[in-house]
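Biologist: I am new to this structure and would like a close look at its salt bridges. Please take me through them and say where the partners sit.

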Amino acid sequence: MKFTVAIDGPAAAGKGTIARAVAASLGFAHLDTGLLYRAVAVQALDDGRGVIDPHWAAELARRLTPEDLERPSLRSARAAQAASKVAALPEVRAALLDFQKRFARREGGAVLDGRDIGTVICPEAEAKLFVTASDEIRAGRRLAELGTGTFEGTLADLQARDARDAARDVAPMVAAKDALLLDTSDLSIDAAVAEAVAYVKCRLPGGA
Ligand code: CDP
């Protein structure tokens with residue numbers, strides 16, 4: 001069976017938690033597509049001694065391996081900011097397209113979370129969610145996750161990244177017209193996950 005769940009939304013809205021839970025509940029494979037951009041960005045920064053060369057970043061994207069996605073440094077605020085810069089480069093996005101498209105249509109079902117899954121990677125996805133939360137709630141959650149930094153700094157980082165992601169020419173962050181909007185500002189993790197799982201189950205063949 002081919003069945004794709006596309007989960008998009010701004011930074012730290014809860015996409016990853018929801019995506020992992022939906023995948024576990026249905027036995028689907030999961031891909032956190034943000035890790036692809038984070039991995040390219042961190043390697044490009046390291047190789048360029050802090051400066052990203054667009055052509056080299058695209059080459060790194062073509063050479064990514066599964067091990068590159070495992071580095072703990074990918075979760076840092078530095079990696080997040082740099083990721084949104086390489087993510088605006090058309091050549092980098094092009095290099096990562098096929099892998100994501102194939103992952104989305106793999107046998108047995110797939111959940112992908114990112115910014116452009118329901119719009120560019122898999123417009124034909126059977127279930128699409130656009131997960132949001134207020135800026136302040138997202139900053140608070142990300143601060144707790146990172147365990148370092150200030151609230152104001154984290155909030156400013158998220159807002160800068162969202163603005164860049166929404167304004168770029170190629171694959172900007174936008175909700176697909178047929179996506180379910182899920183605002184998690186006032187929802188517990190369990191409640192958000194329950195809503196997402198119920199929605200996806202409804203869309204399964206023969207689902208209730
Ligand atoms: O976890 P968080 O929501 O903070 O970020 P992420 O999903 O790891 O994505 C990091 C950055 O990668 C984003 O700010 C985007 O610039 C970029 N990204 C993208 O452009 N397209 C995707 N499908 C996924 C991430």
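Modeller: Glutamate 145 and arginine 142 are three residues apart in helix H7 (residues 135-146), so about one helical turn separates them. Helices here are DSSP runs of H or I with at least four residues, strands are runs of E with at least two, and both are numbered from the N terminus. The two side chains form a salt bridge, with the closest N and O atoms 2.9 Å apart; the term means a side-chain nitrogen of Lys or Arg within 4 Å of a carboxyl oxygen of Asp or Glu. Glutamate 145 is exposed at 58% relative accessible area, whereas arginine 142 is buried at 14%. Buried means under 20%, exposed over 50%, and partly exposed in between, using a 1.4 Å probe and protein chains only.

This is a predicted model, in which local features need pLDDT of at least 70 and side-chain atom pairs count only at pLDDT 80 or more, while totals for chains, interfaces and linings use all residues. Residues are numbered from 1 along each chain as its sequence is written, and side-chain values use heavy atoms, leaving out hydrogens and water.

Another salt bridge joins arginine 93 to aspartate 116, at 3.0 Å from N to O. This pair links distant parts of the chain, 23 residues apart: arginine 93 is in helix H5 (residues 90-104), and aspartate 116 is in the loop between strand S3 (110-114) and helix H6 (117-121). Both arginine 93 and aspartate 116 are buried.

Aspartate 46 and arginine 71 also meet in a salt bridge, at 4.0 Å from N to O. Asp46, Arg71 and Arg78 are linked in a network of such bridges. The whole structure has 13 salt bridges.
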